[in-house]
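Here's a quick tour of a protein model, written for someone new to reading structures. Have a look at the picture first, then work through the points below.

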Amino acid sequence: MTATKTYPFEVIELHPTFACEVKGVDFTKPITPELAKDLREVSDKYGVVVFRKTGLTDEAHIELSRYFGELDDVKPYVQAGRTHRLAYPELFDAGNINPFTKDVAPLTDAQVIGNKANEQFHVDSSFNARRAGHSLLLAWVLPPKGTGGATEFSDSRTAYDDLSPEMKKKLEGLVANHSLFHSRKKAMPEYFKDMDPSKMEMSKHKLVQLHESSGRMNLYIASYVHHIDDMPKDESTALIEELLAHVSQPKYVHRVEWEDNGDMICWDNTSVMHRATGGTYEGKFPRDMRRTTVRDMSSTRWGLNGDGSDWRVGMP
C-alpha cells in the first residue's frame, strides 16, 4: 500500500495489505475536526491504526472517539449483572481488574471466563441490532513485557478479494446470525453447558458487504456467527468454519504488541477482525485496558434487524 495524501503526521505501514502506525499526533492538545477527519481517512484505508504513548485521559479518549460517531455504552452488561469499574459508561472494561478489590481478577472470575471468547477472531458488537463501527482500545496499565497480551488483527477485505469466483458467487446474499452467547459457549462449552444460544437474541447481517468508506467489499464473518439463514445446519456450520479458517490464515494477520502505558489501537470492525491472545500475565499481573465502541454510521449499520432497531445484549 502507498500513501496518496500528505498528512500532518507520519503514517508507517505495518503489513503489506492493511494496518499502520501513526506518529506525530500530540494528544495533549485538543483534537481539531480537521485532524479527526485525517485520522478517519487513514482508518478507512488501513483498518487498523496504532498510536504509541498517547497520554490520553478517560475524558480525552471519549472526546476523540466521538469524532468517529455515536458511542455505545456498557448499560446492557450492567443490566445483566456486571459491576462496572470505570467512571464512564462509554468506557468498556477490557482488562482483568476485579471491580471490588481493584486487584487482578482470579481466573475463576465470571468476566475473565467469558472473555476467553475474545481469543477467537471477532468483530465488536455484531450481535446487537446496530453493529459497531470503530473501536478505540487504550492501555492504562500493561503487564510486564514478555508475559503476553498482544492483539491480532485480520484483513477481512483482502481475504474476501482472494476468495474464488465460485465462493464469491455462493456467498452473495447470504445472511449470518450473530450471537454473543454462541461465542461464549463455543469458547467455554462446559462452563456454559446449560445455555442454549438458539433460544436467545441474534442479529442478522449479510456475510458480504460493501465497506462504504473505502469502496471495497468485505467478508463480515466473526466467531459470533451461529448459523446462516436458509441453509441446513451441517452445511451452515461447515461454511462458517471454512470462512473463519480462510480469514485466519497468517498472510491476512498482523500482530500488535502493546509496548507502553498510553498505547492505543483504533480499528474498524466493518473492515477487519481482531482477537486477544492471552498470556502468562493472566491471574498474576494487572492489565487495565479501556475501550470505546463507536456505533456503525454506514447505511448497513442495522443489518437486517430493522432500521432504527436499538436492542442490545450483555452478560455479567
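In strand S11, Val225 is the bridge partner of His178. That pair belongs to the link between strand S7 (residues 175-178) and S11, which pair in the antiparallel sense over three bridges. Here, two strands count as paired if DSSP finds at least two bridges between them; helices (H or I, at least four residues) and strands (E, at least two) are DSSP runs, numbered from the N terminus.

Keep in mind that this is a predicted model, where local features need pLDDT of at least 70, side-chain atom pairs count only at pLDDT 80 or more, and totals for chains, interfaces and linings use all residues. Residues are numbered from 1 along each chain as its sequence is written, and side-chain values use heavy atoms, with hydrogens and water left out.

**The sheet around S7**

- S7 sits in an open sheet of three strands with the order S8-S7-S11, and the pairing is antiparallel.
- Strand S8 (203-206) and strand S11 (225-228) are the edges: each has a single partner strand, so one side of each is left without a neighbour in the sheet.
- On average, neighbouring strands of this sheet are turned by 35 degrees against each other, direction ignored. (Axes are lines fitted to C-alpha atoms, for helices over the stretch in contact, and angles run from 0 to 180 degrees between N-to-C directions.)

**The sheet around S6**

- Another open sheet of three strands goes in the order S12-S6-S14, again with antiparallel pairing.
- Its edge strands are strand S12 (253-256) and strand S14 (272-276), each pairing on one side only.
- Neighbouring strands of this sheet are turned by 25 degrees against each other on average, direction ignored.
- Strand S6 (residues 151-155) is joined to S14 by five antiparallel bridges, and to S12 by four bridges, also antiparallel.
- Which residues stand opposite Phe153? In S14 you'll find His274, and in S12 you'll find His254.
- Five of the five residues of S6 are buried, so S6 is largely enclosed by the rest of the structure. (Buried means under 20% relative accessible area, exposed over 50%, partly exposed in between, with a 1.4 Å probe and protein chains only.)
- In a regular strand the side chains alternate between the two faces of the sheet.
- In S6, Thr151, Phe153 and Asp155 point one way while Glu152 and Ser154 point the other way, and all are buried.

- Strand S13 (residues 264-268) is mostly covered, with five of its five residues buried.
- Met264, Cys266 and Asp268 point one way from S13, and Ile265 and Trp267 point the other way.
- Strand S3 (residues 48-51) runs antiparallel to S13, joined by four bridges; Val48 has Trp267 as its bridge partner.
- Strand S5 (residues 132-141) also runs antiparallel to S13, this time with five bridges, and Leu137 stands opposite Ile265.

**The nonpolar cores**

- A nonpolar core is a set of buried Ala, Val, Leu, Ile, Met, Phe, Trp, Tyr and Cys residues joined through side-chain atoms within 4.5 Å.
- The largest one has 37 residues, and Leu171, Leu207, Ile221, Leu239 and Leu243 touch the most other members.
- Helix H5 (156-161), helix H6 (165-171), helix H7 (180-187), S11 and helix H8 (233-247) each give two or more residues to this core.
- H8 gives the most, with five residues.
- Not counting residues up to four places away in sequence, Leu239 touches Met167, Lys170, Leu171, Leu174, Ile228 and Met231. (Contact means heavy atoms within 4.5 Å.)

**The whole chain**

- The protein chain has eight helices and 15 strands.
- Its radius of gyration is 19 Å, close to the 20 Å that the globule rule gives for 316 residues, so the chain is as compact as a globular protein of that length. (This radius is taken over C-alpha atoms; the rule is 2.2 Å times the number of residues to the power 0.38.)
- The C-alpha trace spans about 55 × 50 × 40 Å along its principal axes.
- Buried residues make up 55% of the 316 residues.
- Among contacts between residues at least 6 apart in sequence, 81% join residues at least 24 apart.
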